[in-house]
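Hi there,

Here is the complex I promised to pass on to you.

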Amino acid sequence: MNFSEVFKQSNHLCKVSPDGKYLATCVQYRLVVRDLSTLQILQLYTCLDQVSHMEWSSDSLFILCAMYKRGLVQVWSLEQPDWHCKIDEGSIGLVSSRWSPDGRHILNTTEFHLRITVWSLCTKAVSYIKYPKACQKGIDFSRDGCYMALAERRDCKDYVSIFVCDDWHLLRHFETETQDLAGLEWSPNGCVLAVWDSCLEYKVLLYSLDGRLLSTYSAYEWSLGVKSVSWSPSSQFLAIGSYDEKVRILNHITWKKIVQFEHPATIDNTKAIVYKEVDRRPAVVSDELSLHNITMGSTLFSTQSKYEICPLPVQIPVVKPEPDRANPKIGVSVLAFSSDSRYLATKNGSFQVQSLNWHCSGDSVILLGKDQLCLCYMDTDYEEK
Amino acid sequence: MQCTNDFDVFSLFSEGPDISSISHVTLSPSRHNHVPGYSLPLSRSSYSVISAFCTEDNVPQSISYLNQELAVLGLSMCIEASSSEGASLKAVPVLNAMYELLQINKRNMCALEEMEKEQLKKLSTLEHIQISNSRLKDQLELSMREKSGLHETERQLQLKIKTLQSCLKTEKEEVQKLQSIIASRASQYSHDAKRKEREAAKLKERLSQLLVDRKERKLAIDVLNSLGRSDGKRSMWKTAKLSASHESEMYKTLLGDYETSRKALILENAELKKVLQQMKKEMMHILAPRQQSTSGATAADDSQEQVESDEEKAGNTSREALDHSCELAREQLLNSIRQQWRKLRNHVEKLDQVSQVHNQMESNKETIPLETHEDEMERMRQEVQQCREFIHAQQQLLQQQLNTSFDDETAALLNDCYTLEEKERLKEEWKLFEEQKKNFEKERKNFTEAAIRLGREKMSFEEDRAAWLKNHFLNATPFANRRRYSSSDGQSALSVRSEPEVRMSSAKAKRSKSPTYTTFSTPKPSRSSPVPSTTELYRTLRLLPDGSCSKHSNRGHWLETSTVEEGHPQIKSNLQARAGEMSIFTFGEDHSVT
């Protein structure tokens, strides 16, 4: 594996365009666009302030740069470098900014989640959506970009609004049976919306596109509940990771649990293969990850590390979280289905893994840690833990 | 206790049986070294007893004896006789001795009394002790029981303690768990509450800021130029139609999704149903021959079930064509599958049991059936081989036959060869037959001629007779010559009549000479054998095979029909019989079938 030279970036703002041709990075207040194959700088834009958030539009023609402190959003065009767009939210502040799926609207969430302002770049029109909910994942676009689901809260009750992204027409608005809605996510086929409650109550609700409640799932009471939710790409399965270190998978026909995966502290299942990263430098903490096959290239770093197969049974170091602190670092926090819905990668506990992403071909997964990354290739039919 | 009075002594003496019993005790040691035969009953008539001891004669002996006794008792005084003769004694020593003896007796009595008292005392104490002993035993038992009861209760209480302790443990654990949950929830709540509070505080701050600072920055968008829509279309006005179209779009998507899932499910269902059907068929197939081999008691049920299952099968296949999602069909299928599976499972269980039973049997028994099995197999193989060979041979022959039939000429030739012998025989027989026929014809002719002649002769004879009688009658008169001529006529008639007989016999001889040729290997009947009846013969004639049979029967017919021309009824019958005889004879000689 070869590595290019190091490029500066700030705020981890480094994104490849959706069409895979360009790479955009933000350095302080500058936006640098490079060609991905040659890494030559194609465009250079200057924003008014340090960029907090940067996002490509879906058609890879525009880049959004948001400066939350200033409440400004600037949009740059790749085709026409002279074209500029600036959105000023004014004194109402800006907490988050994102593109709409069609790449022509920008949704700004104001401070204190007072409202969501929908700016249209085509018509310069503004729409407001009131009472958006400030939660883990309060807004989600369906994969085909037709619909947007928004969590709202009024009068101490949770609601979900479904908008048609074409013209921001409110299609459905219904109340949810949650205590405190924490997140919602569309199924990949865009027909089912999964809504889950905050960790104080284990509750996952499934609504169909037209707002009917299809099913409710609750594994247990009282203990801390859902931590992460993920749909399989085929929309057949819904994986729910919870604070009890288990992953439960529901099927799309009956919405009942079909299988449950556990993350025991001692792995002694003969089918599991445990890879342990062994560092040459003793100072670095060794991560234990139970995955299949090895690859590791980190000549970038001065330390050389290697993955060894550990003989079973393997004891995974468990760090007991402090009981009187909120949001304990236990439970399944990251779930990722492979693209063919065959494998599920999960992260349990307090490991320094920030994200798991599968390759679209479904046979390799990349683990991103705080300072490291790991690529894993699959070549057998083992279920991952 | 001391006895001081003599009266006491006497009173002691006077108490009859008690004293005697006591005295037995006290006096028994002294009795042992006694003069035997002397019992000393201490009764009132004591004097009479003592007088028995000492008489007038044996005074000195008794004195010496008494002295001895006294000496034994430890008394120093002696009894002396006052004079050498007589029964008088010195009173003083005697009185002293008596006194001493009385004293001794008193002392003994006292001692006795004391001992008796002692004994009484001891007895009472013994009794007392016994009673107390038994009482103590009872007490002991009671206390033992109590102890065991207490042990028991203690044990139960210990158990209870244990269970309670375990309950307590679990409860504690649960409490701990709940406490931890509560703690985490509480921390979460507090965290959220704090967050919200901070947000509220910020809001308040901002609000105050805003209230103070009214110079709001305008919120606006500053775009160089508007962009086109991403899909290139023009945006539309918001109308009800548009909203309706949105609704319809949404429903279309939903429906599309449902359709795809439904299709997938239908496919899956169809596949599963297919698999189930297959399974059912296979199970039925597996079970069917077994069911037939079961005992007759269950055969009826099985056949019924088979019939039912066949019906089901038929019903199912017909319904399959109609509607796959028919609830009834599905239920039926499932039920039949379950039924079959249950049967199969029972059967397998039975087989397992049977195999287990077999395994439990001795090894010898196991080998024997195996051997017989193998023998059977061998035998059957051989049989099969034989059958195969046989079939093969048959086939070959059949092939030959078929092959020959294809070629007409050769077939005809072969047929001719086979039948050549027969043909020859037949020809010969025909010849014979013709000969016989001719002869018979001749005979018949002769016979008829003879019969006619006979008739005529008879007539002539009758006439002659009549004439003779007439003559005789008349020859009572003198006509005697003419009658002798008529008698000679009669004789000539008679002689003529004998001719056919002779001829018949000659014919017979001829017949007998004709060779008896039998086509069939049946023995010739002897000429002397009784003539068989016509019915029998015809029967046998009809039994003759092929072409000759018909001819023979024809012959029979011919003979039957050809009755001899009659002359006189009497003669006719005779002739008929003769003819019959003749025919019989010819047949009998030629074809000796009886």
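Among the elements of chain B, the highest mean pLDDT, 91, belongs to helix H5 (residues 91-212) of chain B, while helix H13 (residues 546-561) of chain B has the lowest, 43. Please keep in mind that this is a predicted model.

Where pLDDT is low, the predicted coordinates should not be read in detail. Taken as a whole, chain B has a mean pLDDT of 72, and 60% of its residues reach 70 or more. For the complex, the predictor gives an ipTM of 0.74 and a pTM of 0.54.

Now to chain A, where I looked at one sheet. Its 4 strands form an open sheet in the order E13-E14-E15-E16 (chain A), and the pairing is antiparallel. Strand E13 (139-141) and strand E16 (169-175) of chain A are the edge strands, each pairing on one side only. On average, neighbouring strands of this sheet are turned by 20 degrees against each other, direction ignored.

Within the sheet, strand E14 (residues 147-154) of chain A pairs with strand E15 (residues 157-164) of chain A in the antiparallel sense, over 8 bridges. If you want a residue pair to look up, Glu152(A) has Tyr159(A) in E15(A) as its bridge partner.

Best wishes

Note on methods
Residues are numbered from 1 along each chain as its sequence is written. Chains are lettered from A and ligands numbered from 1 in the order in which they are written. This is a predicted model: local features need pLDDT of at least 70, side-chain atom pairs count only at pLDDT 80 or more; totals for chains, interfaces and linings use all residues. Side-chain values use heavy atoms; hydrogens and water are left out. Two strands pair if DSSP finds at least two bridges between them. Helices (H or I, at least four residues) and strands (E, at least two) are DSSP runs, numbered from the N terminus. Axes are lines fitted to C-alpha atoms, for helices over the stretch in contact, and angles run from 0 to 180 degrees between N-to-C directions. pLDDT is the predictor's confidence in each residue, from 0 to 100.
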